[in-house]
Amino acid sequence: MSIRIKTKLSLGLIFLFSLIILSGGVGSYYIQDIAHQSENILKDNYQSVQHVRLMMKLLDEMEPKRLESIAQFEEILKKQELNITESGEKKITQEIRKLFESFKTGFSLIESNIIREKLYQVMDINMQAITKKNEQVQAKANRVFTILTVIGTFCLLIAFSFIINFPGYIANPISKLTESIKQIANKNYNQRLNFESNDEFGELAEAFNAMAKKLDEYEHSNLAKIMFEKKRIEIIINQMNDAIIGLDEKKNILFVNSVAEKLLGLKESDIQNKQATDIAIKSDLLHQILNNTSSSKDLIVTSDEKEKYFTKENFDVMNDKEMIGQVIILKNITPFKELDTAKTNFIATVSHELKTPISSIKMSSQLLEDSRIGETNEEQKQLIQNIKEDAERLLKITSELLNLTQIETGKIELTIQKTQPKQIIDYAISAIQFQASQKQILFEINYSENMPAINADKEKTAWVLLNLLSNAVRYSSEKSKIVIQAIEQNDTVTFSVQDFGKGIDSKYKNKIFDRYFQVPESTKTGTGLGLAISKEFIEAQGGKIWLESEPGKGSKFSFTLKS
């Protein structure tokens, strides 16, 4: 039969309470018994001794106070006759009665002495009884003390044992359970509890062991699945054409696929679980990969005596908003790079070849306008003007394409020299003045005459400013104003061109400097290369270019160069 822990606690407390009641009851019983015996001594013997003393005193006072003393003696004698408790005391008391009756009539001295002697005998009997009873009470008190000491010691030992052992009975299983739970938390599913009891702890042990068994089975079944999935992922990663490198949160190498092994020239087994920075000391490519934080910059790797191009992508592996690792993917873009180079060379060749016939067309149109060759009517003049405009536009496009090929091949030729900002502004304004006058647009120019010279390529910087002015004129309404400004700020000069046209929506600000991009709502008369080339020219000189615009209020393009 199983006994519940609550029942055991109740029984234990009842047992302790019973011991307290037992020791208290026994003590009370014996104390009351001793008190009763003491009371009997006082009642029986001590009162008899007092009676004797009073009667002896009255015998001494009998002569002067005869009648009163006889009455008092009579009264005390009667009390003594009612308080006879000891053996022989009754006979002596009766003799005192006879002697007193005879004494009342004659007051004989002899009878008085005999009565006194008898009174002494009564006193002696009671004193002996008092002594004897006192010894009995003392002996009994000693026995009671011994009994109570034994009972108290027994109760104390039982209570002490209960206090020492019972908390352990409760706490020890809980401690074992806590330790087992910690083992389970550490994935030690072989942990078991062994409580040989039929109470709640036994049931708890059975439930815990069942849980641990299920977790163990689940772990092993899941482990097989996990290993299968891991193997499948490894196969997929190794079959990919891109180089893949996996790192943990401490930059230790977790895995590399076969493409990455070939690219790095390292075996996965040699570098797995090792610090990436330590491996990078021996591998220049890995050092380059780890230190290339810009995803827009291509990696150039020489392999098989051939330059190969890769783009790098970093993916942070997150778990509950905490980074637990990183995956680096290197995509081989060499075929695309080769196609792009071929495209660039083709554009450069075609643009270069087109410049000569376009220049010839432009010169021929100028000769046709010369009256010495022949007079032309109004319709012919309009056709010649159209030819000139189209030739000018084609020449501008070919120039932009040639500039683009310089940028794409990384062969921007810069002639850096000290240049006055005024020269750049004057050149750009003179080049765009005719187009501005056709729309009756006024230029407001703000710059200081004492402005320091800048370190820049005069031709390319003037081309950028001219391109910004050309765009401003194109998108400004007739009879409007364009503000051109140059300001010195912290060893730099900031050029800006502000128009008051319809402006550019904020959603296009990040794309406005991309190649071939044109604002959808704008009139697509250009190639979409001007601003992209301007950005490359300015950044190649160590400056920066940006846009400030608000729809309906115009746009402001600015760039800075060091002085």
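Predicted model: local features only at pLDDT ≥ 70, side-chain atom pairs only at ≥ 80, totals over all residues.
Close-up 1. Helix α12, which covers residues 421-438, packs against α13 at an angle of about 35 degrees, and the two axes lie 9 Å apart. The crossing in which α12 passes α13 is right-handed. Among the residues that meet here are Ile424, Ile425, Ala428 and Ile432 in α12, and Ala462, Leu465, Leu466 and Leu469 in α13. Sorted by class, the residues of this contact are 13 nonpolar, four polar and one charged.

**Close-up 2. The open sheet of five strands.** The strands follow one another in the order β7-β9-β10-β12-β11, with mixed pairing. At the edges stand β7 (442-446) and β11 (544-550), each of which pairs on one side only. From one strand to the next, the twist averages 15 degrees. Within this sheet, β10 (residues 492-498) and β12 (residues 554-562) run antiparallel and are joined by seven bridges, and Val493 stands opposite Leu561 in β12.

**Close-up 3. The two helices on the sheet.** Helix α12 lies across β7, β9 and β10, and runs at about 175 degrees to β7. Helix α13 lies across β7, β9, β10 and β12, and runs at about 175 degrees to β12.

**Close-up 4. Ser480 in the loop between α13 and β9.** This loop connects α13, residues 458-474, with β9, residues 481-489. Ser480 counts as buried because its relative accessible area is 15%, under the 20% cut-off. When neighbours within four places in sequence are left aside, Ser480 is in contact with Gln440, Ile441 and Leu442.

Note on methods
Residues numbered from 1 in each chain as written. Heavy atoms only, no water. Helix = DSSP H or I, 4+ residues; strand = E, 2+ residues; numbered from the N terminus. Buried < 20%, exposed > 50% of the residue type's maximum accessible area, 1.4 Å probe, protein only. Contact = heavy atoms within 4.5 Å. Axes fitted to C-alpha atoms, helices over the stretch in contact; angles between N-to-C directions. Left-handed = near helix turned anticlockwise from the far one by under 90°. Nonpolar A, V, L, I, M, F, W, Y, C, P; charged D, E, K, R; others polar. Pairing = 2+ DSSP bridges.
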